[in-house]
Amino acid sequence: MLRRLLPTLIALGCGLLALGWGLVSLQRIFSREREDAHAQVHSRREALAHAATESLRQALARRLADQIPAINAAMGDPLAPGEGFYLGLRDHQFLPRLTRPLPGQEMPARATYEMLADALHTRGLEGWEPRLARLRAAMAATEEAPTSRRTTTLVEALFQHVAAHPLPPEEELPFLLLVLERLHRGPGTSALVRGLLREGFSEEFGGMPRFAGLQRALLWNRSRFTQTDFAFLQARTVALSNALGEPSRDFLERADEVGAGMLVMPGGIQAPTLVGEQWYVERRGETLYGMAVDIPRMLRPIRDDMRARGLFGAQGRIQLAGGQPVLPLKELQLRVDLPEWSRAEADIDARYGLKTLLVAVCGVLAVAIVALAVVSQQRKYRFLELKSDFVATVSHELRTPLASIRLLGETMERKLAQVPEMRDYPARIVQAADGLHFLVENLLSFNRIDKGRWTLRPSRVRLEELINPLRDDLASATSVPVELVTDLGDTELEADPSLLRLLFSNLGRNACAYNRRAPVRITVSALTYEGHGCTVLFRDNGVGIPESEWQNVFLDFYRVTPPGQDVHGSGLGLSLCQKIMKLHHGEIQVATSTPEGTTFALTFHEPRR
């Protein structure tokens, strides 16, 4: 027995080795496909993250470049906005401004102001009399002729004396406030007095000493006053500005400006850098410029732009990766998170697992097949004597009529309806039997008509009555859903009913076979002409027939094979349809045909209603 099985065992062993090598190679292909799929998702994620990162870097650099004029303005002018700006030079911070007042509730500046106001009338205040004397003279001249040359000369003499004998700001600023209050005359106040309030004097203005203006001087020196003292000076300065019609809104805003205090910037910053995800700084020469940034807010237009271009959906997120306290701009990285990417990677792993399972199942089946083959060979030699009985049984089964096959299929369909693995087997048996029956019917009908042995049995046929048999025939002939729409009305013909059913059945089966769509749509309509005949239009949504083949398709055994589609058939369907139409003294032709479908025109003469 072993000697007889040895060739079979060798062949099976070689086959098993070849199959094993093939399965291993297939598994390697699956692994490579999985890696490539993950690499594609990762590549897309990296590409979007890189694009978003570059957009953010450009936005930061562009925004700082736009803000540098404002930063320089805030550096030189205390009335200019300085919040959210940083400017450092040689380890000294100029912006944000330090706005810390002196501790305590003392008000020495107010006391100085009130003392000087009283001294204007009492005289004899030690140390202040030269100033007060010039102020009294200027006040008297202003009351007599505010715009006279003498008044201007006295005011200039007062300002030049003040410039030549400067005092500490906590004494100088209350005195200047008093000067403005005593010398202003509303809208008619001279330009010298107005300049003292806000714009100040340059060195070129009438030879006057350089002065920044009271509003700016108060802001520059606010750290020399307590909060209550500064509030007193601020309130009187604002009231004076309103009386003179000078702007004071920016003065109030700067006075209420909340400084960030001393910022400790890391040393050695040379390249553009993001500090603490709140400040963006950039060095230009010895100056370090910076601005406060809101990274999530700056990312919104980038995210919206990517959504508008369809790069990701509404649930996509862009956020800063890392969270380092000091992050050079060239090392800035963003992370793009999309839920669909996570789902795609999960699908990739799921497909890989399924393929791996299939490979394992194939390996197990291969081993089982080899084992079964060995057992089968053993049984072959043991039960060789049953060969004749087997042949007799097969012969008996081959002689079973086609009708019995269909009956058994229908029986199995009812019996096995609850077994999912075999539920479609009976339907397939019935469908195959129907197909074979239809082919036999076509061959017999073709042969009988072609040989002239068909006897036409005309009767009055209502076309609408042929639709239900056609619908049943198509339902059993294909597993694809079929939508059959009719517009036949009450049209009747004098024709052979069996041939018309065969005609419609062939056209319907062709519409199902030469079709790539689901569902298959078929429309049957009739056009009647009083005294001239009837035309039945049979439309489908199939692949269409090239115009060069419109005549050839009616030839015997001629078949048109659509590109990329393998359609089984005998090539007799349309030829048989043409013979049926000729028996009824009619014609069939292709009316129209495009890749969206074909329309056949069936022309019958002398229809009856």
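These legends describe close-up views of a predicted model of one protein chain.

**Figure 1. The whole chain, with its secondary structure and confidence.**
The model is predicted. The chain has 609 residues, and 39% of them count as buried. Its secondary structure comes to 17 helices and 15 strands. Among contacts with a separation of 6 or more, 64% link residues 24 or more positions apart. Mean pLDDT for the chain is 80. A pLDDT of 70 or more is reached by 84% of the residues. Residues 384-401 stay under 50 in pLDDT. For this stretch the model has zero contacts beyond four places in sequence.

**Figure 2. Helices α4 and α5 pack against each other.**
Helix α4 spans residues 149-164, and helix α5 spans residues 169-183. Their axes lie 13 Å apart, at an angle of about 175°. Angles over 145 degrees count as roughly antiparallel, and α4 and α5 are therefore roughly antiparallel to each other. On the α4 side, the contact is made by Val155, Leu158, Phe159 and Val162. On the α5 side, Glu172, Phe175, Leu176, Val179 and Leu183 take part. Eight residues of this contact are nonpolar, none is polar and one is charged.

**Figure 3. An open sheet of six strands.**
The strand order is β2-β1-β5-β4-β3-β7, and the pairing is antiparallel. Strands β2 (92-95) and β7 (326-328) stand at the edges. Each edge strand has a single partner, so one side of each is left without a neighbour in the sheet. Neighbouring strands of this sheet are turned by 25° against each other on average, direction ignored.

Strand β3 covers residues 273-275, and strand β4 covers residues 279-284. Three bridges join β3 and β4 in the antiparallel sense. Within this pairing, Leu274 stands opposite Tyr280 in β4.

Strand β12 covers residues 520-529 and pairs with β10 (residues 482-487) in the parallel sense. Six bridges hold the pairing of β10 and β12. Here Asp487 stands opposite Ser525 in β12. Strand β12 is also joined to β13 (residues 533-540), by eight bridges. Strands β12 and β13 run antiparallel. In this pairing, Thr523 stands opposite Arg539 in β13.

**Figure 4. A cis peptide bond between Ala518 and Pro519.**
The bond that joins Ala518 and Pro519 is cis, with omega of about 5°. Pro519 is in the loop between α16 (497-513) and β12.

**Figure 5. Arg222, a buried residue in a loop.**
Arg222 sits in the loop between α7 (214-220) and α8 (227-244). Its relative accessibility is 9%. Buried means under 20%, so Arg222 counts as buried. Beyond its neighbours within four places in sequence, Arg222 is in contact with Thr99, Pro101, Gln227, Phe230, Arg254 and Ala255.

Leu555 is in the loop between β13 and α17 (573-583). Its relative accessibility is 43%, so Leu555 counts as partly exposed. Leaving aside neighbours within four places in sequence, Leu555 is in contact with Gly571 and Ser575. Leu555 and Gly571 are 16 residues apart in sequence. Their C-alpha atoms are 8.2 Å apart in space. Phe557 is found in this loop between β13 and α17 as well. Phe557 has a positive phi of about 60°, although it is not a glycine. With a relative accessible area of 55%, Phe557 is exposed.

His585 is found in the loop between α17 and β14 (587-594). Its phi is positive, at about 60°, although His585 is not a glycine. The relative accessible area of His585 is 62%, so this residue is exposed.

How values were computed: Residues numbered from 1 in each chain as written. Predicted model: local features only at pLDDT ≥ 70, side-chain atom pairs only at ≥ 80, totals over all residues. Heavy atoms only, no water. Axes fitted to C-alpha atoms, helices over the stretch in contact; angles between N-to-C directions. Helix = DSSP H or I, 4+ residues; strand = E, 2+ residues; numbered from the N terminus. Parallel < 35°, antiparallel > 145°, perpendicular 65-115°, else oblique. Contact = heavy atoms within 4.5 Å. Nonpolar A, V, L, I, M, F, W, Y, C, P; charged D, E, K, R; others polar. Pairing = 2+ DSSP bridges. pLDDT = per-residue confidence, 0-100. Buried < 20%, exposed > 50% of the residue type's maximum accessible area, 1.4 Å probe, protein only.
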